[in-house]
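Please consider how the secondary structure elements of the following model are arranged. The account below turns to helix packing and then to a strand.

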Amino acid sequence: MLSRAPLSDPFARLLAPPANETPAERQMREEMERAAKLRSDAIDEELKKERNALKSKRVMKLLLLGQSESGKSTTLQFQLAYTPQAFKAERATWRGVIQLNVVRSIRLILDTVVDALDRQNAPSGDDDSSIDHVQLTEEHDRLCRRLTRLRDAEARLMAQISAPAEEGDGFAQRIADKISQDAAQARVDKELAVRANWKQPFQRHHPPGPRSSVDAGDYVDAPTDIINELRQDMATLWTDPDVRELLRRQKIRVEETSGFFLNDLERVTARNYFPTSDDVLRARLKTEGVSEYVFQMEMPQAREHAAEWRIIDVGGARSQRAAWMPFFDDASAIIFLAPISAFDQVLAEDRSVNRLEDSVTLWKQICGNKLLQRLELILFLNKMDILDSKLQSGVRLAKYVRSFGERPNDVENAAKYLRSKFHAIHREYSSRPRKFYCFATSVTDVVQTSGILAAVRDIITRQILVQSRLL
Ligand SMILES: Nc1nc2c(ncn2[C@@H]2O[C@H](COP(=O)(O)OP(=O)(O)OP(=O)(O)O)[C@@H](O)[C@H]2O)c(=O)[nH]1
Ligand SMILES: [Mg+2]
């Protein structure tokens, strides 16, 4: 006999079997319920086992936080140093990403040059080329037309990289997920910003090449073919003095954008190009969602503790930040990255917000977050190399951060000043006294970053020891 809950209970009413159920239907339903319960119990058991395993291993969970393009995923690339085989396999997959980075940089320049050509060729009256004062020629026009074939390479690269991954190809799948999101965004961008002749139909067709996850760089697929054929034209565009002058006047600093490889064109456009580890650190691939990476790290001072580290890398764009919260609960430490070179830039997702201001707001939220009070926060003032070249080229910090005042406009003074600002927030917003750990970093610099990460590891190890003594 079925026991029925009182009908006043709305959940019981929803879950109650239909009144006109036949014996056969009832038997089937009960079997399905039994199977569902077995499945649910098995999942509970798995979760319990996993929790116990984590406890006994004392897994360290390190969260990487910061706005988009702050350098979180780049910092994470250092975990690959602990797994050389995986790193070698991943490098091949990065080839397509780096080729895409090259094409995007060239497109940025092309859009600027084509814009200037359009203005220059506009009927007099509409011509405001006086802004540029750079006289472009027929040869520039022909060069741009030849380079529109890169559009073909770009589309193919995006399709190739976002093709369904083979089973077990976790990294390729992660890249595919990210690229398909990027591609969707790029489609929107193109509609808004791309010149008409950029959309010219493909001039030549190639059969689709093999997927980019093969483990050697010695094959030639369609994008590699196109990029290789156009390498001289790309180099001519990038080194042309008039184009350089045009970019300078429009304050477009391609060399400071993420994924910049134009000074290595000859190497990265070669048919047998295979990325170096340095290339992988410099490549740009936006993170969507949250990824967790597990690796083993030796901790000599605390051998019994935390052999297993989990690094959580999150997407930093505003739309991604709600996904951070669930990871606050059991985090062991946080590295917060503030790319201080971005003081004169705005967020890609909201062009009304200055990127340095956004980093400061985020830092306040992290320092003041109740769930994170027990953790030590480690701050990376990142992209110091770009900050240095930006200040040296004459961009003034005081124009964007008024309180910087008359201090010398150099990297030492700028970093010292911004460090003191972040420190003051740390003091003011933390609800208990905690030490301020801050490093000036360029996380693409392998040697420097290895040293800094070793220091970070020591900070966290000490923290574990103190905590375990307190327990
Ligand atoms: N020159 C220089 N480039 C850097 C530095 N840190 C990161 N980059 C580059 O900046 C770009 C963005 O870095 P990512 O690590 O992808 O940024 P992210 O914080 O993971 O960004 P999201 O995934 O969008 O949240 C990459 O092309 C990196 O190579 C740095 O210190 N100096
Ligand atoms: Mg990332």
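Axes are lines fitted to C-alpha atoms, for helices over the stretch in contact, and angles between N-to-C directions run from 0 to 180 degrees. In this predicted model, helix α5 (residues 138-147) packs with helix α9 (residues 231-239) at an angle of about 135°, their axes being 10 Å apart. Angles over 145 degrees would count as roughly antiparallel and those from 65 to 115 as roughly perpendicular; α5 is therefore oblique to α9. The crossing of α5 past α9 is left-handed. From α5, the residues L143, R146 and L147 meet D233, M234, T236 and L237 of α9. Sorted by class, this contact of α5 with α9 comprises four nonpolar residues, one polar residue and two charged residues.

On the α14 side, M384, L387, D388 and L391 meet V411, A414 and A415 of α16. The contact of α14 with α16 has six nonpolar residues and one charged residue, with no polar residues.

Strand β5 spans residues 377-382, and six of its six residues are buried, so the strand is largely enclosed by the rest of the structure. Both of its faces are covered: L377, L379 and L381 are buried on one side, and I378, F380 and N382 on the other. Strand β4 (residues 333-339) pairs with β5 in the parallel sense over six bridges. Within this pairing, F380 in β5 has L337 opposite.

Terms used: Residues numbered from 1 in each chain as written. Chains lettered and ligands numbered in written order. Predicted model: local features only at pLDDT ≥ 70, side-chain atom pairs only at ≥ 80, totals over all residues. Contact = placed C-beta atoms within 7 Å. Helix = DSSP H or I, 4+ residues; strand = E, 2+ residues; numbered from the N terminus. Nonpolar A, V, L, I, M, F, W, Y, C, P; charged D, E, K, R; others polar. Buried ≥ 20, exposed ≤ 12 C-beta atoms within 10 Å, placed from the backbone. Pairing = 2+ DSSP bridges. Parallel < 35°, antiparallel > 145°, perpendicular 65-115°, else oblique. Left-handed = near helix turned anticlockwise from the far one by under 90°.
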